[in-house]
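Subject: Structure handover and notes

Dear colleague,

I am passing on the structure below, together with my notes on what was found in it. Please read the notes with the coordinates open beside them.

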Amino acid sequence: MGDQKMQKFDATKINRRSFLGGAALLGGFSPLALQMAATTANAQANSYRALVCLYLDGGLDHYHTMIPCDQTNYAAIVGQRSGITMPPRSALTPLTTRTSQGGRQVAFHPILTQSKRLYDQGKLAVIYGHGNLDEPITRADLEAGRVKLPSAVGSHNDSNAAIHTFGLEGARYGWGGLAMDSLQASNPDNLFASIGVGQLNNPFNDGRAVQMIKADTWGRATNISGLEGTLFGSSVASAELDSILRRADMTNALDKDYLGVNQRVMSSYRRLGDAFAATQSLAPIPTDTTLPNYTVAWRDNDVVASLRTVLRCIASRATLNVNRQVFFINMRNFDTHGNMAGDLEKNNFLRLDAALGYFYAALTAMGLENNVILFTTSE
C-alpha cells in the first residue's frame, strides 16, 4: 500500500472520532488501519459496533469528486481535462483543513452538499494516497519502467480483489469476513455477523468461519427459491423440498455440507424476515416529491434503500444476537469512460450524497452515530 504507515485500532474501542483520525469515508481506504483482533473480554464488555463498506464499483474519479480549487491547481486540472466540463471555480468552496497545505486548496463537487456539511461538522474525513501500488510511483517512473507495478494493474476484477482480499481475482476470503472471524467470541450468534445487501457474492464479507448472509436491497430476506408457495405449480413439491432440506440422516460428506448450507439459508431467512417485519417503520425514505432531484436522489435511489436495510439489521441486533457486524453494499456505474456530467454528476453524485446524509441522520436518531462507521472505497 505504497509507503503509508498504518495506525492500528482496537476494534472494541473504535468510535467515529478514532476512525476518522486514521481512515476514510470518501476516497481510498486502508483496512489495515483497523486492528480487529480484539480480546474477547474487552469485546464483550463494550457496546455494539459495525462497519459498513459502500463500494463505488468501477473506479471513482477522485479529481472530479475532490476538485483542486486554488488558482494554480484548478487551472492545471482544467487544462488536463479538455472535453470534461468542470464546475466553475467560483462554485467551489475550499475545505478547511487542520494543517496548512502550502497554498493548495480542494473542494467537494458542488453537488455533494451533504458530504460538505458532514465534513464541516467533523463527521466525515478524506484520505489521499491509498491504493493498490506496491511502492510510490510518479508518471516519470511509470514511463521509464523504474518501479514495480502490481500484478494485473488496470484490471477491474483484480483491483476489486486487491481491495477486498489483498489478493488477486479468485481469492476466497476478504478482510471484512476475516475480521469477523477474529471477533466470533464477541457475538452470541455469528450467523448475522457479515451481511451483504443487494449484491451478488463478494469475497469481502467471507471469512474462513464467518460467511456472508444476503439481504435484499428493499428489506426482504432472500430465501431458497421454491420453499414458499408452489414449486413447479405444486404445493406438494414445495413441502417435499422443505422436508429434504431438513433431513438429519445424511452420511455423505458432500450431502451433509450441501444440506448445512441450505439449512443456514433457511434459518437466516426466517430470522431476517422477523427482524424486517419488526422494523417496517424505521427511518422511512422521504416521499416528498418537491425535494430537489427527488426521483434520482430518493425515489429510485437503491443506495438509500440498501442503507435503510442496514439500519434495520442494526436495529434488530438484539434479535439477531450480534454485537459486532460488517456490511457490504455495492454501488455500481462509476466506470465512467464518457458523459461524465450525466453519469457521475446527475446520477451517482446525487445518489451517493443523499445516501450519506440520510444514513448519518438516521444513526443519530438511533443514538448510534458513534457506534457505526461507513466508509467508501473504489478501485
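A283 is placed in the loop between α10 (253-278) and α11 (294-299), and its phi is near 45 degrees, a positive value in a residue other than glycine. F166 also has a positive phi, of about 65 degrees, although it is not a glycine; it lies in the loop between α7 (156-165) and α8 (175-182) and, at 42% relative accessibility, counts as partly exposed. As background, most residues other than glycine have a negative phi.

This is a predicted model, in which local features need pLDDT of at least 70 and side-chain atom pairs count only at pLDDT 80 or more, while totals for chains, interfaces and linings use all residues. Residues are numbered from 1 along each chain as its sequence is written, and side-chain values use heavy atoms, with hydrogens and water left out.

Confidence and overall make-up

The average pLDDT (the predictor's confidence in each residue, from 0 to 100) is 82 for the protein, and 85% of the residues score at least 70. Where pLDDT is low, the predicted coordinates should not be read in detail.

The secondary structure comes to 14 helices and nine strands; helices (H or I, at least four residues) and strands (E, at least two) are DSSP runs, numbered from the N terminus. Of the 379 residues in the protein, 46% are buried, and residues 24 or more positions apart account for 70% of the contacts with a separation of 6 or more.

Aromatic rings

A search of the whole structure finds six aromatic pairs, for which rings of Phe, Tyr and Trp (its six-membered ring) must have their centres within 6.5 Å, with planes under 30 degrees apart counting as stacked, over 60 as edge-to-face and the rest as tilted. F108 and Y119 form an edge-to-face pair, at 6.0 Å centre to centre and 75 degrees between the planes. Because F108 lies in strand β4 (residues 106-108) and Y119 in helix α5 (residues 113-120), the pair ties together parts that are 11 residues apart in sequence, and both F108 and Y119 are buried.

The rings of F204 and F328 have their centres 5.4 Å apart and their planes at 40 degrees, so this pair is tilted. It links distant parts of the chain, with F204 in the loop between β6 (194-197) and β7 (213-215) and F328 in strand β8 (residues 324-331), 124 residues apart; F204 and F328 are both buried. Ring pairs join F204 and F328 with Y55, W175 and F375 into a cluster.

Helix packing

The axes of α10 and α12 are 9 Å apart, at an angle of about 100 degrees; axes are lines fitted to C-alpha atoms, for helices over the stretch in contact, and angles run from 0 to 180 degrees between N-to-C directions. The two helices α10 and α12 are therefore roughly perpendicular, given that angles under 35 degrees count as roughly parallel, over 145 as roughly antiparallel, 65 to 115 as roughly perpendicular and the rest as oblique. Here L272, F276 and A277 of α10 meet T309, R312 and C313 of α12.

The axes of α5 and helix α14 (residues 340-366) come within 7 Å and cross at roughly 45 degrees, which makes α5 oblique to α14. Among the residues making this contact are R117 and L118 of α5 and L356 and Y360 of α14.

Finally, α7 is mostly covered, with seven of its 10 residues buried, including I163 and H164. What covers the buried residues of α7 includes β2 (49-56), α8, β8 and β9 (372-377).

With best wishes

Methods: Buried means under 20% relative accessible area, exposed over 50%, partly exposed in between (1.4 Å probe, protein chains only). Contact means heavy atoms within 4.5 Å.
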